[in-house]
Amino acid sequence: MKIEWAPIGVPMERRRQTFAMAFLILSFMVLSFGSYFFVAAVLYYGSLLWRTIMVIYLVYVYANHRRTHSIMDGNGWKISRNNWLFRHYRDYFPVQLVKTAELPPNKNYILASFPHGILGTGISINMGLDISKWLKLFPQVRPKVATLDQNFLTPIVRGLLRSWGLVSVWKDALVYLLTKSNDPKHKDNRDGFTSNAVAILVGGAQEALDSHPGKYILTLKNRKGFVKMAIRTGSSIVPTFSFGEVDILDQVANPPNSRVRRFQDFVKRITGISPLIPVGRGIFNYSFGFLPNRRRIVQVVGAPIDVVQSDQPDAAYVDKIHKQVIEDLEKMFAKYKDQYIPNSKQDKLIIH
């Protein structure tokens, strides 16, 4: 394979963006796996004091998660969600945020987010790592991103996830956030924010398996849990679509019924996580590596779909709202694809 090397004369700004990307991905990879090795090493090799401290920490993590679902109220520390590193991470692609309707801060929202892609980059940057643009477009609305519950039981990593505003996708955690008061005088809203917007990547691990450049394949037809949650909590559903999300990384070919896909499906059934093998670029070359490619991502935030609150959602009403979400996504894709996808005539939206 011929390697296409990055030219020596790359502008310094682009070098800084590549550094930010490489640093974040490498750091998170090391922390995700290294934290378990670190805990095991302390428990096996550490002195009695360090073993005791580690056991106390692990018990605290488990007990705190059971009691609070590891939720950090408010927007956390500004420096952890708006800084030099994350701004360069955003500009690497770049990632943009487009507002098409108002989100009044007098109610809470579920952002039904598509597509998942390999990393869920657009939604993670706009509503997690660099929320400066979100706060300008949607003032008084706290951005939160929901992720797998087990991520908050990972030592050390859980602290980073909480500082970035990530929350568990577990039902009790979502209910806690989506039933919070919208009264400006309520003690929970002393920070000036009166609304919570929780982004859920509805397609999840299954949708990630179908992620390949130029292929917008959504897993949605049988995903109705987010609609039921919206009805139970009285939260409006906001469809949102990240154009370009699937183009930043490819993955090893895994067509349905192939050996690779069968193995991935097996692991996903056991762990809830898809074992993807991403294919991107390197730090100094454009041919292969683990870094995402520079492709623009544009997250378009649609108009809210209001629901009638009910503790026992009626099946017919759930289907009605679910159908409206699908229709709004189809309209959004048709309206904006020519504007935000290069050579969009070949791109179609497929909903499974």
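**Entry 1: a salt bridge across the chain**

I started at D319, which is partly exposed at 37% relative accessibility; on this scale buried means under 20% relative accessible area, exposed over 50%, and partly exposed in between, with a 1.4 Å probe and protein chains only. K224 also counts as partly exposed, at 27%. D319 and K224 form a salt bridge, with their closest N and O atoms 2.6 Å apart. The pair ties together distant parts of the chain, 95 residues apart: D319 sits in helix 11, K224 in the loop between strand 6 (216-218) and helix 9. My salt-bridge rule asks for a side-chain nitrogen of Lys or Arg within 4 Å of a carboxyl oxygen of Asp or Glu. Helices (H or I, at least four residues) and strands (E, at least two) are DSSP runs, numbered from the N terminus.

Ground rules for myself: this is a predicted model, where local features need pLDDT of at least 70 and side-chain atom pairs count only at pLDDT 80 or more, while totals for chains, interfaces and linings use all residues. Residues are numbered from 1 along each chain as its sequence is written, and side-chain values use heavy atoms, leaving out hydrogens and water.

**Entry 2: the other salt bridges**

I got a count of ten salt bridges. One of them is E13 to R16, at 2.7 Å from N to O. Both residues lie in helix 1 (residues 12-45), three residues apart, about one turn of the helix. E13 is partly exposed at 33%, and R16 is partly exposed at 33%. I also looked at E102 and K99, which meet at 3.1 Å, N to O. E102 is exposed at 54%, whereas K99 is partly exposed at 29%.

Which order do the strands take? I read 1-10-7-2-5-3-4, an open sheet of seven strands with mixed pairing. Strand 1 and strand 4 (166-168) are at the edges with a single partner strand each, so one side of each has no neighbour in the sheet. Neighbouring strands are turned by 30° against each other on average, ignoring direction; axes are lines fitted to C-alpha atoms, for helices over the stretch in contact, and angles run from 0 to 180 degrees between N-to-C directions. For pairing, DSSP must find at least two bridges between two strands.

I then checked strand 10 (residues 297-301), where five of five residues are buried. I297, Q299 and V301 point one way, V298 and V300 the other. Strand 10 runs parallel to strand 1 (residues 95-99), with five bridges, and L97 has Q299 as its bridge partner. With strand 7 (residues 236-243) strand 10 is antiparallel, joined by four bridges; there F241 partners V300.

**Entry 3: helix 9**

Which residues of helix 9 (residues 225-233) are buried? I listed F226, V227, M229, A230, I231 and T233. They pack against strand 2 (109-114), helix 7 (171-178), strand 7 and helix 11 (315-340), contact meaning heavy atoms within 4.5 Å. Helix 9 lies across strand 2 and strand 7, at about 165° to strand 2. Just after helix 9, G234 has a positive phi of about 70°.

**Entry 4: S274**

I found S274 in the loop between helix 10 (259-271) and strand 9 (278-279). Buried or exposed? S274 is buried, at 12%. A polar atom of its side chain lies 2.8 Å from the backbone oxygen of A205. Leaving aside neighbours within four places in sequence, S274 is in contact with A205, Q206, L209 and K268.

Methods
Polar contact = N/O pair within 3.5 Å; in protein donor to acceptor, adjacent residues only side chain to side chain.
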